[in-house]
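Biologist: I am new to this structure and would like a close look at a single part of it. Please take me through the pairings between side chains with some care.

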Amino acid sequence: MVKKAFIGIIPARYGSTRFPGKPLAIIGGKPMIQRVYEQAKKALETVVVATDDERIFDCVRGFGGEAVMTRSDHKCGTERCCEAVSLLTAKRSHSEAVSQQRGLIIINIQGDEPFIQPEQIEALKGCFADESTQIATLVKPFTEADSLADLENPNTPKVAVAFDKTDGNGQVPEMGRALLFSRSVIPYVRGVDKSEWLQKGRFYRHIGMYAYRADVLWEIVQLEQTPLEKTESLEQLRWLENGYTIKAAVCETASIGIDTPEDLKKAEAFFKKFEDSKI
């Protein structure tokens, strides 16, 4: 059995179209990137911010975090993660690098989710107890407390998951295999009125965190865009279309992403409630 090592990489760029400078936005007196970093460190010994901006780099170094400067032409966080890993392992000998990559697992942590929970990271790490796991991600069940509008929201990708079996009480296992991701509702519940879908069907929302074996990460960043990916604008479909498998761990905690200044206001309100609950 190959010994595993986990590294958390937080891709963070300054030039967001909808929210420039987002990683440096202040939440509860700290920059967002610091909030993400500190939460990730609760579950990972090594966490590195990968950025293309000196302001973010200096901020991370300023609060005592580790950061690397990456190119500015990356199309996605996955590519930035891959370059960061290359930079971190560049000083090792070839044999050391190959040996490490066989057991090195990269966890891609979104830089705009300051409330990421350690148990989410632990769930991703747990996927690699299976030696055959190539890529892992998180899903969260929709519940009857959700609305049909929540289910149909195209900004909330859905996942069809295959589970090997249920336990004797009919409970779904904590891990499965992602079959398909879509902005549409999947699966379609035939013969049931939409108003009853959440009661009759089983639906999962995608939580946008990934973990990859280092050698698989290197492979997937070489892939060209695929038809399904272009249609849905979901990068993970490229991996499925090229034959990679994605293990899905079920979690009950949904992360709170921040894409706009309006989202930041909501996050501030959430942070105050979160802090008050600990008093």
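How many disulfides does the structure hold, and which salt bridges can you show me?

Modeller: This is a predicted model, and the structure in it holds zero disulfides. The sulfur of Cys76 has its closest cysteine sulfur in Cys81, 8.7 Å away, which is too far for a bond, because a disulfide needs the two sulfur atoms within 2.5 Å. Cys59, for its part, is buried, with a relative accessible area of 18%.

Turning to charged pairs, side chains of opposite charge can pair when their charged atoms come close, and the count here comes to twelve salt bridges. One of them joins Lys22 to Asp112, with the closest N and O atoms 3.1 Å apart. This pair links distant parts of the chain, since Lys22 sits in the loop between β1 and β2 while Asp112 sits in the loop between β6 and α5, 90 residues apart. Lys22 is buried at 12% relative accessible area, and Asp112 is buried as well, at 14%.

Another salt bridge is formed by Asp52 and Arg80, whose closest N and O atoms are 3.9 Å apart. Asp52 lies in the loop between β4 and α2 and Arg80 lies in helix α3, so the pair ties together parts that are 28 residues apart in sequence. Here Asp52 is partly exposed, with a relative accessible area of 23%, whereas Arg80 counts as buried at 3%.

Asp215 also forms a salt bridge, with Arg213, the closest N and O atoms being 3.1 Å apart, and Asp215 is partly exposed at 26% relative accessible area.

Note on methods:
Residues are numbered from 1 along each chain as its sequence is written. This is a predicted model: local features need pLDDT of at least 70, side-chain atom pairs count only at pLDDT 80 or more; totals for chains, interfaces and linings use all residues. Side-chain values use heavy atoms; hydrogens and water are left out. Buried means under 20% relative accessible area, exposed over 50%, partly exposed in between (1.4 Å probe, protein chains only). A salt bridge is a side-chain nitrogen of Lys or Arg within 4 Å of a carboxyl oxygen of Asp or Glu. Helices (H or I, at least four residues) and strands (E, at least two) are DSSP runs, numbered from the N terminus.
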